[in-house]
Amino acid sequence: MPRTDDAFVKFSSVQKTYDGQTLVVKNLNLDIARGEFLTMLGPSGSGKTTTLMMLAGFEVPTHGTILLGGIPIDKMPPHKRDIGMVFQSYALFPHMTVEENLAFPLKVRNLARADIGTRIKRALDMVRLGAYGTRRPGQLSGGQQQRVALARALIFDPKLVLMDEPLGALDKQLREQMQLEIKHIHEGLDITVVYVTHDQGEALTMSDRIAVFNDGVIQQLAAPAELYERPQNAFVAQFIGENNRLQGRVVAMNGGTCKVEIAGAGNVEALAINVEAVGRPTVLSLRPERVKLNPTPGSLPNIFAAEVAEVIYLGDHVRARVSVCGRDDFVVKLPNSECVVQIEAGSAITIGWKTEDCRALDAL
Amino acid sequence: MSTTVVQIAGEPDTVPLRLKLQRIERRRKLKAVTLVLPLLLFILFAFVLPIGQMMFNAVHDSTLLTLMPRTTAALRAWDGKDLPDEVAYAALAGDLSQAWEQKTMGAIGKRMNYELPGTGSEFTSSAQKARTLSAGPYKAALIEISPLWARHDVWSLLKRGSSAYTAYYLLRSVDYQYGPDSQIVASPPDNSIFRMIFLRTLGISIAVTAATLLLGFPLAYLLATLPPKTSNLLMIMVVLPFWTSLLVRTTAWVVLLQQHGVVNDVLLALHLISQPAELIYNRVGTVLAMTHIQLPFTLLPIYSVMKTIPPIHVRAARSLGAGPFYAFWKVYFPQTLPGIAAGCLLTFILCLGYYITPALVGGPNDQMISYFVAHYTNEELNWGMASALGAILLTATLLLYYVFNKLVGVDRIKLG
């Protein structure tokens with residue numbers, strides 16, 4: 001696990017603009033610890049790839065500094081930074097064999113031939129491609145090519161490895177397998193990984209910490225469980241996992257909790273996470289699996305009458321879309337662990353949830 | 001529904017599957033052939049047949065065989081050591097009077113002149129005198145009429161004429177010829193120009209190819225890396241020469257480079273030179289004009305290959321520790337080689353056949369092999385020589401293509 005006391009990579013007040021008008025990255029401050037697996041997660045255009053490219057040295061910050069191991073690297077060209085990088089399109093050199101591709105960073109560093117040979121063998125074994133050394137990238141499948149790209153980025157023992165949506169071009173099954181492989185490789189080697197993706201499942205699977213980017217700003221920086229359980233704003237709640245949103249107005253605040261009025265439905269007790277003051281609009285965030293079906297009256301602070309609009313059977317769970325509090329896109333997830341109450345579309349039910357499962361966030 | 005399906009599947013199949021497939025395939029093939037046929041016929045009649053005819057003309061010459069049938073027949077038995085016997089002279093007398101009657105002395109004389117200069121006119125006059133001969137013995141009489149018929153090399157030439165096929169033109173094209181005893185000897189120095197001209201053709205082609213590569217590669221790189229808006233404009237300027245007539249462009253160079261042309265005037269005005277420089281009607285002008293014409297041919301294949309190289313490759317190389325030049329040289333440049341090969345091969349082979357440009361902006365020492373092919377075809381009417389030079393140029397080109405294929409591999413060539 002990361003030791004967060006010393007920042008291995010430090011972004012301080014970094015800004016980036018391409019056209020001189022709009023900032024792609026706005027005042028970024030981020031500390032990455034040695035040995036950490038940090039994921040930058042966000043929709044396309046959120047500034048995550050630009051941040052990565054500034055770290056790699058392919059883009060220059062318009063403002064601010066980036067420190068690597070305590071040294072500013074603004075003036076350092078990419079090839080002197082000693083940072084391994086894996087690209088989405090693999091970027092293997094098509095005119096070289098797998099072995100020549102792997103030897104490339106070693107030859108640049110003038111390593112002895114014997115040393116290069118042993119390192120190549122070790123790297124190929126690490127990604128389980130021992131028999132493919134003499135092939136050309138064009139003769140390998142997408143997954144194999146990505147493994148070679150991974151091995152190539154690691155073979156010169158960089159302390160920092162950047163990955164720019166490396167699994168984006170792979171199919172789902174292969175992607176999940178590679179996620180675990182990358183995670184295990186990170187655990188086995190003493191490296192720091194900065195990983196960029198727009199796939200939240202990928203981010204949750206692999207990361208020590210996730211920085212959720214939107215609109216050039218880090219919305220929340222936290223460990224995966226923290227991010228899912230305790231989103232700090234409506235964007236994060238909606239971007240990570242599934243999320244029911246109820247729009248309302250704060251009518252009372254009471255320490256950590258607040259009372260939110262949903263127009264035409266009544267009041268909801270919720271955790272006051274990101275609300276400004278009484279009378280301000282807010283968005284309530286509620287995970288579908290935390291909603292209880294037909295609770296005993298009085299057992300939960302929030303109980304509402306609802307009507308089932310649609311039921312979808314998904315094997316391991318049943319999804320019910322219900323009309324409640326004036327919305328008809330409210331989703332309830334019912335685990336298929338025991339004989340659940342059979343519900344049918346059109347039937348009237350009640351649903352309820354705990355105060356601590358309902359988070360009052362900023363109104364988007 | 002299900003019953004219908006079962007019934008269809010249960011029907012006995014009388015036509016084998018393979019036959020059915022063949023029927024369908026045949027129609028498709030027929031369609032394909034119909035589409036290609038016009039082009040195929042065009043290539044056959046406008047390209048394959050003329051070239052075949054040319055290759056044939058290079059080794060085929062039946063002038064002596066058809067115009068002097070008796071002599072060439074009689075000489076088949078001649079051992080070629082001493083002068084031929086009376087029978088051959090009698091045959092010669094017959095052929096001579098026939099040539100006089102049919103007025104073919106000119107053609108025969110011309111053919112003899114190719115190999116033994118000066119014998120043509122002697123032959124014509126002896127044919128005229130031979131009319132008076134009515135009875136033998138002919139040998140002494142003919143030698144009396146003309147010393148030509150006592151010359152061993154003349155008889156050797158006539159004997160070689162007993163075959164319709166001759167290697168003479170090909171030999172001449174590489175500066176060899178037949179000696180008095182039909183042995184192959186080197187041509188006398190004032191006749192041996194062709195090896196030098198082939199080498200000159202090769203040299204100019206290599207120089208032009210190298211010049212277009214040196215000028216074209218950086219430009220192609222710029223075009224491939226610039227944003228589309230700028231690169232499109234530059235691209236139009238590159239292909240502009242394509243839309244201008246070759247003759248116009250070449251003449252423009254004359255205007256620019258001549259003794260009191262634009263370039264010399266500017267250099268004189270700037271006092272960079274005191275005398276007008278010799279820029280045209282020499283090798284400089286030839287290579288300059290040819291390079292200008294050939295530049296797009298070299299550049300475009302390189303450009304289109306460069307467009308296919310993802311910029312991420314160089315970035316990857318940089319991230320792996322390679323400096324800008326190392327990344328370019330080891331990662332980018334090798335991937336442009338198929339384009340370089342295609343562009344250079346295209347330019348080189350086109351250069352080998354240049355005719356108009358060297359004729360207009362070159363001096364007498366800059367004429368390439370095509371000039372001599374045209375010269376023999378149009379002025380000397382010696383189609384044998386023209387064909388032989390053409391055939392050798394074609395063979396040399398194919399040979400170079402073969403070597404190139406062995407070295408680079410034609411399947412690695414990319415035009416885009």
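The following legends describe close-up views of a predicted model.

Residues are numbered from 1 along each chain as its sequence is written, chains are lettered from A, and ligands are numbered from 1, in the order in which they are written. In this predicted model, local features need pLDDT of at least 70 and side-chain atom pairs count only at pLDDT 80 or more, whereas totals for chains, interfaces and linings use all residues.

**View 1. Overall composition of chain A.** Chain A contains 8 helices and 20 strands; helices (H or I, at least four residues) and strands (E, at least two) are DSSP runs numbered from the N terminus. Its C-alpha atoms fill a box of roughly 75 × 45 × 35 Å along the principal axes.

View 2. The domain assignment gives domain 1 (7-234) and domain 2 (242-361), with bounds that come from an automatic or database assignment. The centres of the two domains, taken over C-alpha atoms, are separated by 39 Å. In this view, 4 residues of domain 1 are in contact with 6 residues of domain 2, contact requiring C-beta atoms, placed from the backbone, within 7 Å. The side of domain 1 that touches domain 2 comprises 2 nonpolar, 2 polar and no charged residues. In this classification, Ala, Val, Leu, Ile, Met, Phe, Trp, Tyr, Cys and Pro are nonpolar, Asp, Glu, Lys and Arg are charged, and the others, Gly among them, are polar.

**View 3. The largest nonpolar core.** This core has 101 residues, and A:Leu162 and A:Ala360 have the most contacts inside it. A nonpolar core is a set of buried Ala, Val, Leu, Ile, Met, Phe, Trp, Tyr and Cys residues joined through C-beta atoms within 7 Å. Helix H4 (residues 142-154) of chain A gives the most to this core, with 6 residues. Beyond its neighbours within four places in sequence, A:Leu162 is in contact with A:Leu52, A:Leu55, A:Ala56, A:Ile83, A:Met85 and A:Val194.

**View 4. The contact between chains A and B.** Chain A contributes 18 residues and chain B 15 residues. On the side of chain A that touches chain B, strand S6 (83-86) and helix H2 (98-108) of chain A each supply at least two residues, and H2(A) gives the most, with 3 residues. The residues on this side of chain A divide into 13 nonpolar, 3 polar and 2 charged.

**View 5. An open antiparallel sheet in chain A.** Four strands are arranged in the order S2-S1-S4-S5, where two strands pair if DSSP finds at least two bridges between them. Strand S2 (23-33) and strand S5 (71-72) are the edge strands, each pairing on one side only. Strand S1 (residues 7-17) and strand S4 (residues 63-68) pair over 5 bridges, and A:Phe11 stands opposite A:Ile66 in S4(A).

**View 6. The pairings of strand S11 of chain A.** Strand S11 (residues 244-254) pairs in the antiparallel sense with strand S14 (residues 281-286) over 6 bridges, with A:Asn244 opposite A:Leu286. S11(A) also pairs in the antiparallel sense with strand S12 (residues 257-262) over 5 bridges, with A:Met253 opposite A:Cys258. S11(A) and S12(A) form a hairpin with 2 residues between them, and A:Gly255 in the turn has a positive phi of about 65°.

Definitions and conventions:
Buried ≥ 20, exposed ≤ 12 C-beta atoms within 10 Å, placed from the backbone. Contact = placed C-beta atoms within 7 Å.
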